[in-house]
Amino acid sequence: MGRFLALFNGAADEADKADLTEQQQTEFMDAWASWAQANEKAIVDPGAPLYAKKLVTARGVEDFTDSLIAYTIVEAGSHDEAVQIFSGHPHLALFAGNSIAVLECPPPPS
């Protein structure tokens, strides 16, 4: 089994987010919970939202923004299996342009 980091990219702007009704938000959270329950054996870390972001370089530290909004870590038999876990995730249907990057996280060399 390998570990895979899923990075959720959000395509919505603040106006799009404000247009979501309470019912749409509830339905989305319920769908996310159902997805998590269906995949609970694979989920190593359910993740969290990604908020305040700092970029550290040799020149210093600065705030930055990007489209990354959350992460999750799963275990799967292959990269393709990990991708399949996220292929039906409700995040993909919430806003046009939403995506999920699935990255393999191999163990460090010994």
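Which polar side chain has an atom 3.0 Å from the backbone nitrogen of His 91? I looked, and the side chain is that of His 89. (A polar contact is a pair of N or O atoms within 3.5 Å; within protein, one must be able to donate a hydrogen and the other to accept it, and residues adjacent in sequence count only if both atoms are side-chain atoms.)

**Ground rules**

I am working on a predicted model, where local features need pLDDT of at least 70 and side-chain atom pairs count only at pLDDT 80 or more, while totals for chains, interfaces and linings use all residues. I number residues from 1 along each chain as its sequence is written, and side-chain values use heavy atoms, with hydrogens and water left out.

**The sheet**

I started with the open sheet of four strands, which has the order β2-β5-β1-β6 and antiparallel pairing. Its edge strands are β2 (43-49) and β6 (99-104), and each pairs on one side only. Neighbouring strands here are turned by 15° against each other on average, direction ignored. For my notes: two strands pair if DSSP finds at least two bridges between them. Helices (H or I, at least four residues) and strands (E, at least two) are DSSP runs, numbered from the N terminus.

Next I went through the bridges. β2 and β5 (residues 68-76) are joined by four bridges and run antiparallel. Asp 45 has Ile 73 in β5 as its bridge partner, and Pro 49 has Ala 70. Between β1 and β5 I find eight bridges, again antiparallel. There, Leu 7 is partnered by Tyr 71 of β5.

**The helix on the sheet**

Helix α3 (residues 79-86) packs on the sheet and touches β1 (2-9), β5 and β6. Contact means heavy atoms within 4.5 Å. The direction of α3 makes about 130° with that of β5. (Axes are lines fitted to C-alpha atoms, for helices over the stretch in contact, and angles run from 0 to 180 degrees between N-to-C directions.)

Which residues of α3 are buried? I list Ala 82, Ile 85 and Phe 86. Seen down the axis of α3, these buried residues fall within an arc of 90°, so they line one face of the helix. The arc is that of the directions from the helix axis to the C-beta atoms. On the other side, Asp 80 and Gln 84 are exposed. Buried means under 20% relative accessible area, exposed over 50%, and partly exposed in between (1.4 Å probe, protein chains only). The buried residues of α3 pack against β1, α2 (22-38), β5, α4 (91-94) and β6.

I took a closer look at Ala 82. Its relative accessible area is 0%, so Ala 82 is buried. Beyond residues up to four places away in sequence, Ala 82 touches Phe 4, Val 74, Ala 76 and Val 102.

**The core**

The largest nonpolar core has 14 residues, and Val 74, Ile 85 and Phe 86 touch the most other members. Such a core is a set of buried Ala, Val, Leu, Ile, Met, Phe, Trp, Tyr and Cys residues joined through side-chain atoms within 4.5 Å. β1, β5, α3 and β6 are the elements that give two or more residues to this core. Leaving aside neighbours within four places in sequence, Val 74 has contacts including Phe 4, Val 44 and Ala 82.

**Back to His 89**

His 89 sits in the loop between α3 and α4. Is His 89 buried or exposed? It counts as buried because its relative accessibility is 2%. Not counting residues up to four places away in sequence, His 89 touches Phe 8, Trp 32, Trp 35 and Ile 100.
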